[in-house]
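Me: Please take one part of this model and look at it closely, at the level of single side chains. I would then like to see how that part sits within the whole.

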Amino acid sequence: MSTRIAFLKGHGTENDFVIVPDPENAVDLSPSAVAALCDRRAGIGGDGLLHVVRSAAHPEAAHLAAEAEWFMDYRNGDGSVAEMCGNGVRVFARYLQRAGHVTEGDLAVATRGGVKRVHIAKAGSGDGSAEGDVTVAMGRALLPEGDVTVSVGERSWPARNVNMGNPHAVAFVADLAHAGDLYTAPPFSPASAYPDGVNVEFVVDRGPRHVALRVHERGSGETRSCGTGACAVAVAAARRDGADPAVTGAPVTYTVDVPGGTLVITERPDGEIEMTGPAVIVAEGEIDPDWLLGLGG
């Protein structure tokens, strides 16, 4: 392990991440080390960790190296491995831009959920920000068959099962406060619907094609934003509203308010879903290698 272990801190609509650049996959990040780095009191703090590795250097992504130079080895805040994180991809792309690995325009990012196509807009391109928003092609949603129910306390709601490379249960509610504190995972049934756990979104309407959500992300608890969750919500809302693009032949766009900001989700007639939103790097520094080694990392 190198004696110098760099890190950065970034967020996308306040879904925040510890970023560990490690092009050659030389840093062994154990689950306990990831959890400690993401700890908000004893570590750096984050909803998750973005391990930045060249695809060719990582055994899980080497087969994608011809399509995408960089692999987002994403970990949840508890140290567990995750397939994908939509906000994380935007922040990952922003880091690559900051580090000079890519410029404005198009790039590909390898994830456990497949290769994601990303577009970094030009600075000041209409949103008033110093850096352009980042758009991620999130792939197509899968809508598994079967009824699902989620519960909080004595309340229960039917939920739409949506898979965006990771599993989601989307429940439309009358009041976001009904989601409770979301410290613990809301119960769901049947258990067979999500054998590896699920991200649960509670959704209210704000206006035409405009919704707001709160989310419990498996392995992280309630977060300020969830990119794949926002996509899942837009898909579920479109089906509820009779606006399935595959049926209408027209793309549909939803504005999705999350506690940390706003994302814009567009689903196209071919099923492809695009998510657009901000991505910000706020700090960088070094991790004490002796501390990390002491954690088993």
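Reply: With helices (H or I, at least four residues) and strands (E, at least two) taken as DSSP runs numbered from the N terminus, the residue to look at is H216, which is placed in strand 13, residues 210-217. The model is predicted, so that local features need pLDDT of at least 70 and side-chain atom pairs pLDDT 80 or more, while totals for chains, interfaces and linings use all residues. Numbering runs from 1 along each chain as its sequence is written, and side-chain values use heavy atoms, without hydrogens or water.

H216 counts as buried because its relative accessibility is 5%, where buried is under 20%, exposed over 50% and partly exposed in between, with a 1.4 Å probe and protein chains only. Its side chain reaches the backbone oxygen of T184 at 3.5 Å. Setting aside residues up to four places away in sequence, H216 has contacts (heavy atoms within 4.5 Å) with L182, Y183, T184, A185 and P186, with V198, N199 and V200, and with G221 and E222.

Turning to the nonpolar cores (buried Ala, Val, Leu, Ile, Met, Phe, Trp, Tyr and Cys joined through side-chain atoms within 4.5 Å), the largest has 54 residues, and M72 and I265 touch the most other members. Helix 3, residues 227-240, gives this core its largest share, 9 residues. Beyond neighbours within four places in sequence, I265 is in contact with A230, C231 and A234, with V252, T253, Y254 and V256, and with I273, E274 and M275.

The search for disulfides (cysteine sulfur atoms within 2.5 Å) finds 0 in the whole structure. For C85, the nearest cysteine sulfur is that of C226, 6.6 Å away, and C85 counts as buried because its relative accessibility is 4%. C231, a contact of I265, is likewise in no disulfide, with the sulfur of C226 the nearest at 8.7 Å, and C231 is buried at a relative accessible area of 0%.

Around these sites, the protein has 5 helices and 18 strands. Buried residues make up 53% of its 297 residues, and among contacts between residues at least 6 apart in sequence, 62% join residues at least 24 apart. Along its principal axes, the C-alpha trace spans about 55 × 40 × 35 Å.

Methods: A polar contact is a pair of N or O atoms within 3.5 Å; within protein, one must be able to donate a hydrogen and the other to accept it, and residues adjacent in sequence count only if both atoms are side-chain atoms.
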